[in-house]
Amino acid sequence: MPPKLPEGKYCELPQRGVKLYYEIQGPLRREYQGAKEEVLFLLMGSVADLRKTTDQQFVNAGVGVFKVFAFDHRNTGRSTIKDEPCTMEDYADDAAALLEAVFPDRLPIFVMGVSFGAMVAQHMALRHPKLIKRLVLCCGPSGGPGGSAYPIQEWYEPSFSMEERVLRRMAQANSSRDAAWKERCKSEFEMVHTLLMRDEKVGLDEPLRQQGIHRQLEARRGHDTWARLPELKMDTLVCGSPQDDITPVSLLEKLADRIGCERKLDFEGGHAFAAADAKCLPFINEWLRRPDRMEKSTETSNGHSVIWKVVGGADKGGIIVRSGPGLSDELVKERLSTGALVEEVESRGDRICYRLQQGSGPREGWVTVKLAGGKELLTKI
């Protein structure tokens with residue numbers, strides 16, 4: 001028998017024209033209750049439904065240390081289904097409106113998106129940055145020039161049976177589940193297969209179910225945040241798994257480089273690593289709760305440390321770094337990534353010596369703040 005599901009609630013959002021189903025669980029561990037309690041707003045993946053065991057596993061992974069706030073996106077689960085076009089911006093605005101309605105006095109909070117939820121979280125962070133304290137993006141690429149995830153909408157075409165969809169999902173989500181694995185681990189294969197088949201049947205006969213799925217997948221197909229990602233200012237962590245063939249780590253490297261943020265891309269378990277790898281949520285918990293890097297970087301003896309964000313070089317993989325203040329000084333091989341945050345150590349005209357605080361690139365060096373024509377390569381924050 002599937003485990004008993006927690007009781008949820010509905011939130012009417014008249015301004016959005018939807019009613020969203022949500023659940024709040026945890027924290028279960030005493031040391032993370034009381035004054036240490038933190039809300040984690042969890043944005044779920046494509047076709048997710050909190051009645052499904054596989055989707056509840058992502059909630060279960062976090063409830064030990066967070067008050068996990070999860071919901072069914074519009075067009076899936078027990079939230080409103082409308083057979084009409086919608087966009088990724090609609091999904092982001094739904095999430096923002098729900099967050100403001102349920103936790104108005106706790107904002108900003110931690111936000112974590114998984115797969116489709118990570119795509120929605122990118123749009124939310126760009127459109128509603130004041131709601132987010134720190135952002136974790138799990139297996140959700142940028143779209144556009146940064147590349148798109150596997151087109152899972154193909155699995156929902158009439159030519160695909162439920163059995164075929166489940167088998168394709170099993171293989172695509174975790175590259176280690178090959179023919180040899182199926183033969184070697186027959187009991188594990190049967191367990192995963194049975195679980196996914198059962199979840200596929202959840203809500204299957206409810207009104208507009210198939211139309212809602214297709215509307216959500218249409219929005220997913222149009223996902224593209226690439227051009228605006230360097231605008232993100234909150235601390236961001238990108239996570240992935242080398243066994244994931246739905247969102248390969250090569251796409252997540254591009255995402256992290258574009259944002260100029262930290263990444264951890266070696267989790268086990270494929271596309272579902274956030275639930276499958278026991279090391280994942282403890283790592284994310286530690287990252288989310290660590291002292292603010294911006295606060296640490298500005299705690300200097302004179303109290304006047306300056307922080308810059310790299311805004312130039314998006315089309316070149318970052319900006320040029322030199323070993324000294326002169327334009328003829330030795331060129332450093334690696335560029336400083338667009339979106340990176342740096343602390344100013346010394347300045348000479350339009351050149352600064354920096355110390356890297358967030359993002360990728362040389363840990364220190366000299367860069368140009370503004371080009372001769374007036375174009376800014378870095379901006380103060």
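## A tour from the annotated domain to the sheet

Select residues 66-264: this stretch is 42% helix and 13% strand, and its end C-alpha atoms sit 20 Å apart. Helices (H or I, at least four residues) and strands (E, at least two) are DSSP runs, numbered from the N terminus. The UniProt record, an unreviewed entry, gives residues 66-264 the annotation "domain: Serine aminopeptidase S33". UniProt positions follow the numbering used here, feature names are shortened, and annotations may be inferred rather than shown by experiment.

A word on what you're looking at: this is a predicted model, where local features need pLDDT of at least 70 and side-chain atom pairs count only at pLDDT 80 or more, while totals for chains, interfaces and linings use all residues. Residues are numbered from 1 along each chain as its sequence is written, and side-chain values use heavy atoms, with hydrogens and water left out.

**Stop 1: helix α6**

Now pick residues 186-200, which make up helix α6. How far apart are the end C-alpha atoms of α6? They are 21 Å apart, which agrees with the 21 Å that 15 residues should span at 1.5 Å a residue. (The expected span is 1.5 Å times one less than the number of residues.)

Next, show the side chains of Phe189, Val192, His193, Leu195, Leu196, Met197, Asp199 and Glu200, which are buried. Buried means under 20% relative accessible area, exposed over 50%, and partly exposed in between (1.4 Å probe, protein chains only). The cover over these buried residues of α6 includes α1 (53-62), α4 (162-173) and α5 (179-184); the contact cut-off is heavy atoms within 4.5 Å. While you have a helix on screen, remember that an α-helix has 3.6 residues a turn, so residues three or four places apart point the same way.

**Stop 2**

Jump to Cys139, in the loop between β6 (132-138) and α4. Its phi is positive, about 50°, although Cys139 is not a glycine. Is Cys139 buried or exposed? Cys139 is buried, with a relative accessible area of 0%.

Leu208, in the loop between α6 and α7 (209-221), also isn't a glycine and has a positive phi near 65°. At 36% relative accessibility, Leu208 is partly exposed.

Two cis peptide bonds come next. Zoom in on Gly26 and Pro27, joined by a cis bond with omega near -5°; Pro27 lies in the loop between β2 (18-25) and β3 (39-43). Then find the cis bond between Leu107 and Pro108, with omega about -5°. Pro108 is in the loop between α2 (88-102) and β5 (109-114).

**Stop 3: the five-stranded sheet**

Head to the open sheet with the order β12-β11-β10-β9-β13, where the pairing is antiparallel. Strands pair if DSSP finds at least two bridges between them. Strands β12 (364-368) and β13 (378-380) stand at the edges with a single partner strand each, so one side of each has no neighbour in the sheet. From one strand to the next, the twist averages 45°, taken between lines fitted to C-alpha atoms, with angles from 0 to 180 degrees between N-to-C directions.

Select β11 (residues 351-358), which five bridges join to β12. One to click on: Arg355 has Glu364 as its bridge partner in β12. Seven bridges join β11 to β10 (residues 341-348), and Val342 has Leu356 as its partner in β11. Seven of the eight residues of β11 are buried, so β11 is largely enclosed by the rest of the structure.

Finish at the hairpin turns. The β10 and β11 hairpin has two residues between its strands, and Gly349 there takes a positive phi near 65°. The β11 and β12 hairpin has five, and Gly359 takes a positive phi near 110°.
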